[in-house]
Amino acid sequence: MTVTPEPTIARDFVLNINTGTVTTPTWTPISGITNIAPGNDSTKTDDSDFDSNGRARSTVVERSDTLQVDLNYKEDPSTGARDPGQQALLDASKLIGTAAKKQFQYLTPGGTQYAFTASIDMNLPGGGKTDLATTSLTLTIDGDITETPAP
């Protein structure tokens, strides 16, 4: 039986942050996501020479990945308690050095898992007079993204 892939709804993806340890992870979902925009970039080095006949040539020598995430800010108005996933992001965004690198899982609705380590740049929440409070963050991925196909 052949299965035909179907369009995938973006809101069905899940992004988790590890709030445990590397050896004993605790995967905490990040709530309030309104947009996830993966991005990548490459560094190219010019390898053209006289034999290139005036045509540019280059070789990719480095690649990098990011995940831009927009969130509806979630906080209990009576206690100030934040969504646990958003709190973990905010806490990690204040760290420096290797402590700033956190583990993440990005899960597709079909069960494929993308695992990576990233540092976090996160904005404080804000918005206009008739808006929900929102925030945005950039996950700068450190090294490779490991893909585990759906079982």
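N35 stands opposite D70 in strand 4, and strand 3 (residues 33-46) is joined to strand 4 by 13 bridges in an antiparallel arrangement. The model is predicted, so that local features need pLDDT of at least 70 and side-chain atom pairs count only at pLDDT 80 or more, while totals for chains, interfaces and linings use all residues. Residues are numbered from 1 along each chain as its sequence is written, and side-chain values use heavy atoms, with hydrogens and water left out.

Strands (E, at least two residues) and helices (H or I, at least four) are DSSP runs numbered from the N terminus, and two strands pair if DSSP finds at least two bridges between them.

| Strand pair | Bridges | Direction |
|---|---|---|
| strand 3 and strand 4 | 13 bridges | antiparallel |
| strand 4 and strand 7 | 7 bridges | antiparallel |

L67 stands opposite L139 in strand 7, and L139 also touches, among others, L15, F104, F116 and I120, where contact means heavy atoms within 4.5 Å. L139 is one of the residues that touch the most other members of the largest nonpolar core, which has 19 residues; such a core is a set of buried Ala, Val, Leu, Ile, Met, Phe, Trp, Tyr and Cys residues joined through side-chain atoms within 4.5 Å, and buried means under 20% relative accessible area with a 1.4 Å probe, protein chains only.

In helix 1 (residues 84-92), the buried residues include L89 and L90, and D83 caps the N-terminal end of this helix, with a side-chain oxygen 3.1 Å from the backbone nitrogen of G85.

Note on methods:
Buried means under 20% relative accessible area, exposed over 50%, partly exposed in between (1.4 Å probe, protein chains only). A polar contact is a pair of N or O atoms within 3.5 Å; within protein, one must be able to donate a hydrogen and the other to accept it, and residues adjacent in sequence count only if both atoms are side-chain atoms. Lists of a residue's contacts leave out its neighbours within four places in sequence.
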